[in-house]
Amino acid sequence: MSFKLLLTDVISPLGRALEHELEREPFKLLVPAAAELDWSDVQSLQSYLHKHQPDLIVNCRGWEEAFHAGGQAVLISTARQLAQACSDLQVPLIHLSSYSVFGGDGKGTHSEKDTFAPLSDTGRAFAETEQVITELLPKHIILRLSWVIGAYGDNLLTRLLSSFLAGASVTVNRRLRGSPTALSDVARVTVAMTRQIFCGAENWSVMHYCSSDSCTEDEFAEQLLQLLIQQQLLTAEPSITLEDSDPTDEPLSAILGCRRARDYFGIQTRSWRPSLLPLVKQWLHNREQIKAAQ
């Protein structure tokens, strides 16, 4: 019997990274088209699940939009419908969440047991989705992530690259700490968990994943700038302005303790540093393709 996996999004950078990894696996990957499924309608979702009977659902729908002003509705509505439908039909769920559920408590590293204290609409949205999934669905993995970086979409890396290559001034906060985690690394970990669930693992819980190297926001910006200088990629001279104050809408630390992912699934963390140059080259390639198409 083939293992059926439903992926809720293949449009966003995170969804595309997950699809890329999952397509290599011996699973039947379900990717519903808009005409097949109305994510805002629980009856439509239940009908789709009845028809296709997935063994597992991986949800990242609305994840990226949730980090933008007013963009949290899709994340919340999808999670609510999925939690209800999965509960009724007993389908397990892997739901991708974020460090932003935590607050400004000054902790250097957040554990899976730490309580919510969101400071922003983004954090409150992720906290709400986690609560509804936890309440309605026993078989779930909520996978919280740190700073996610990639060559696509809107993230810390792409924002810095755009500014640096334009010779613009960049403001970064020296008090914010995180563990930059490549999209491909998130996909690797999610697929590793999926494989073990396919083999019968029943390790349902809230889990964390982030890279093995932490840094401050200004340290990440400085390393990226030095790489661009070494590769002779700068055509104008950018500058970095340091901000030295606690933000009011962002946890000081996005560093996550990954003990459960290691103990339950044998997940080993990886450094983001070796992937930085390939990501920069991919971003530059993407930019050239966009220019050529215009």
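This is a predicted model: local features need pLDDT of at least 70, side-chain atom pairs count only at pLDDT 80 or more; totals for chains, interfaces and linings use all residues.
## Elements and the largest pocket

The largest pocket has a volume of about 780 Å³, and of the 31 residues that line it, F67, Y99, W147, R159 and E250 are the closest to its centre. When the lining of the largest pocket is sorted by class, it has 15 nonpolar, 9 polar and 7 charged residues.

## The second largest pocket

The second largest pocket has a volume of about 340 Å³, and it is lined by 16 residues, of which A17, Y152, L183, S184 and L279 lie nearest its centre. Its lining draws at least two residues from each of α1, α6 (183-198) and α9 (273-293), and α1 provides the largest share, 5 residues. By class, the lining of the second largest pocket divides into 9 nonpolar, 5 polar and 2 charged residues.

A residue counts as buried when its relative accessible area is under 20%, and in α1 the buried residues are P13, L14, G15, A17, L18, E21 and L22. One of these, A17, is also among the residues that lie nearest the centre of the second largest pocket.

The cover over the buried residues of α1 includes the strands β1 (4-7), β2 (28-30), β3 (56-59) and β4 (93-98), together with the helix α6.

## The pairing of α3 and α4

Two packed helices are described by the angle between their axes and by the distance between those axes. For helix α3 (residues 73-89) and helix α4 (residues 121-136), the axes come within 9 Å and cross at roughly 5°. Angles under 35 degrees count as roughly parallel, and α3 and α4 are therefore roughly parallel to each other.

On the side of α3, the contact is made by L75, I76, A79, R80, A83, Q84 and S87, while α4 takes part through A125, F126, E128, T129, V132, I133 and L136. The residues of this contact between α3 and α4 divide into 9 nonpolar, 3 polar and 2 charged.

How values were computed:
Residues are numbered from 1 along each chain as its sequence is written. Side-chain values use heavy atoms; hydrogens and water are left out. On a 1 Å grid over the protein atoms alone, a cavity is a set of points where a 1.4 Å probe fits but cannot get out, and a pocket is an open set with protein on both sides within 12 Å along at least five of seven lines; lining residues have an atom within 4 Å of a point. Grid points are joined across faces, edges and corners, and a volume is the space filled by probe spheres set on the points. Ala, Val, Leu, Ile, Met, Phe, Trp, Tyr, Cys and Pro count as nonpolar, Asp, Glu, Lys and Arg as charged, and the others, Gly among them, as polar. Helices (H or I, at least four residues) and strands (E, at least two) are DSSP runs, numbered from the N terminus. Buried means under 20% relative accessible area, exposed over 50%, partly exposed in between (1.4 Å probe, protein chains only). Contact means heavy atoms within 4.5 Å. Axes are lines fitted to C-alpha atoms, for helices over the stretch in contact, and angles run from 0 to 180 degrees between N-to-C directions. Angles under 35 degrees count as roughly parallel, over 145 as roughly antiparallel, 65 to 115 as roughly perpendicular and the rest as oblique.
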